[in-house]
Amino acid sequence: MSPVTGKPVLPMLATLGNSPTGERWAFESQWDGQRAIATTGSKAPALWSRNGNDISGSFPEVVDALSAVLDGRETVLDGEIVALGPDGVPSFSLLQRRMRVLKPTAQLRNEALASYYVFDVLDVDGTSTTDLPYLERREALANLSLEHPRIKVPPHRLNVDGPTMLQVAKKHHLEGIVAKNIASPYQPGKRSRDWLKTPVRANTEGIVCGFVPGSGSATGGIGSLILGAHDDSGALIYIGNVGSGFTDRQRRELRDQLIELERPTSPFAVAPPRGNVRECRWAEPVLVCDVEYREYVSGSLRHPAFKGIRGDKREDEVVLPGRH
């Protein structure tokens with residue numbers, strides 16, 4: 001809770017944009033986890049989600065770590081709760097096993113161990129630091145000496161350019177980078193262009209197996225495409241819906257094209273989740289499209305975006321994401 005208002009502090013949010021260059025920017029890695037504000041003081045440490053819910057019970061190892069390193073000192077911190085996969089890379093799918101589990105068992109905690117990656121400080125000893133420029137807040141954060149196996153303070157880098165940092169993030173399989181204006185204050189609850197996030201995204205092909213009709217501004221076109229790919233046995237498997245990245249014209253043209261390919265039944269070997277294909281119209285699986293995505297988890301693409309139809313790919317060449 002904020003020492004001033006007694007209410008959960010809402011985190012400052014970054015704006016999606018291209019990675020900038022110039023001396024006024026510092027760069028941090030973007031961690032694929034759950035954003036959390038931490039509060040410590042006379043009461044037990046608490047963790048607050050982006051929308052102000054108390055998530056302390058879901059991550060007791062982080063709460064214990066905050067108690068150990070701060071020992072009742074009053075602070076408000078901003079960071080990301082992260083679970084590392086066997087390869088040492090943040091895994092959102094692993095962290096999902098912990099989210100909304102109010103009392104995780106010892107076995108679950110061991111299988112999906114959480115850490116808190118702290119990148120900002122909003123209050124120290126009852127004095128707000130939000131009006132301080134970014135670099136002064138980072139100095140105040142360093143002075144807290146948050147050294148613990150379950151708490152990390154990732155570095156920020158100066159005098160480097162965005163494209164170089166993005167390549168480093170890609171090499172290490174991270175979610176992306178965040179560029180932060182070194183003179184900017186912390187703006188609780190606001191999405192600001194003083195913080196610019198640039199994600200690293202993967203590409204894959206998908207077979208268009210149908211569409212969900214559009215509504216609202218997309219009426220008369222597609223709302224989303226239903227995508228599939230072949231598994232190792234050659235079976236056609238559902239890999240998700242893509243509903244972003246289209247122009248209005250593309251939505252209309254794809255609808256007309258798919259109506260010509262319409263079929264009465266699903267082409268998939270196993271039926272997709274019902275909620276994802278409600279009111280859909282199936283199509284012969286012959287069109288192939290390019291898709292950008294963040295991650296392929298539990299049989300579905302995360303944050304996919306349509307990039308275009310591939311005229312140079314046959315549907316029998318399309319395999320599951322990450323297999324090509």
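Strands E11 and E14 run antiparallel and are joined by 9 bridges, a pair of strands being counted as paired if DSSP finds at least two bridges between them. Within this pairing, Val208 has Leu287 of E14 as its bridge partner. Strands (E, at least two residues) and helices (H or I, at least four residues) are DSSP runs numbered from the N terminus. The model is predicted: local features require pLDDT of at least 70 and side-chain atom pairs count only at pLDDT 80 or more, whereas totals for chains, interfaces and linings use all residues. Residues are numbered from 1 along each chain as its sequence is written, and side-chain values use heavy atoms, with hydrogens and water left out.

Strand E11 (residues 202–213) also runs antiparallel to strand E12 (residues 222–230), to which 6 bridges join it; Ser224 in E12 is the bridge partner of Val212. These pairings belong to an open, antiparallel sheet of 5 strands in the order E13-E12-E11-E14-E17. Its edges are formed by E13 (236–242) and E17 (305–309), each of which pairs on one side only. From one strand to the next, the twist averages 45°, with axes fitted as lines to C-alpha atoms (for helices over the stretch in contact) and angles running from 0 to 180 degrees between N-to-C directions.

Helix H6 (residues 248–260) lies across E11, E12, E14 (281–293) and E17, at about 55° to E12; contact denotes heavy atoms within 4.5 Å. Strand E11 is mostly covered, with 9 of its 12 residues buried, that is, under 20% relative accessible area (1.4 Å probe, protein chains only).

Key. Buried means under 20% relative accessible area, exposed over 50%, partly exposed in between (1.4 Å probe, protein chains only).
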